[in-house]
Amino acid sequence: MVTPRVHPGPGAVPGAHGTSYSFPSAHSLAVTAVLFACLGALALAYRWWWPWILALVVSVYVASTRLNLGVDWFSDVTCGLLLGIAWGVVVAVVAYWVEWDDLKAWLPGASGRRLPARGAPRW
């Protein structure tokens, strides 16, 4: 038989625990997605590798603080990190490949002429 999880977790800081269950950890997911989207777009634009590492290090730090406070479980934080990384990378790649001319073509009254995306073949 599986024992139910006790909320807040054992060793939680008094007064710092959440009031409900959270799967995945919203803090981990949001911080990770924003960091990977912003720093990932910067990394893709300038062809740097270090913003990806910085985004991962800060995301893991935020996740570890959630664990240290005892307000989230390891599974919540891990799932939040994985979903945040996936979402942030998708946003960074889309932000890199879509240009303003592509977005303007979707507006009403646009000429309808769309320029190919950066790196796409021009035939």
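1. A residue counts as buried when its relative accessible area is under 20%. By that cut-off, 24% of the 123 residues of the protein are buried. The model is a predicted one, and the remarks below should be read with that in mind.

2. The secondary structure consists of four helices and zero strands. Read from the N terminus, the order of elements is α-α-α-α.

3. Helix H1 spans residues 26-46 and helix H3 spans residues 74-97; their axes approach within 7 Å and cross at roughly 30 degrees. Angles under 35 degrees count as roughly parallel, and H1 and H3 are therefore roughly parallel to each other. As to handedness, the crossing in which H1 passes H3 is right-handed.

4. Which helix gives the largest share of the nonpolar patch? That share, five residues, comes from helix H2, which covers residues 50-69.

5. Leu 54 sits in helix H2 and has a relative accessible area of 38%. Partly exposed is the class between buried, under 20%, and exposed, over 50%, so Leu 54 is partly exposed.

Conventions: Residues are numbered from 1 along each chain as its sequence is written. This is a predicted model: local features need pLDDT of at least 70, side-chain atom pairs count only at pLDDT 80 or more; totals for chains, interfaces and linings use all residues. Side-chain values use heavy atoms; hydrogens and water are left out. Helices (H or I, at least four residues) and strands (E, at least two) are DSSP runs, numbered from the N terminus. Buried means under 20% relative accessible area, exposed over 50%, partly exposed in between (1.4 Å probe, protein chains only). Axes are lines fitted to C-alpha atoms, for helices over the stretch in contact, and angles run from 0 to 180 degrees between N-to-C directions. Angles under 35 degrees count as roughly parallel, over 145 as roughly antiparallel, 65 to 115 as roughly perpendicular and the rest as oblique. A crossing is left-handed if the near helix is turned anticlockwise from the far one by less than a right angle, and right-handed if clockwise.
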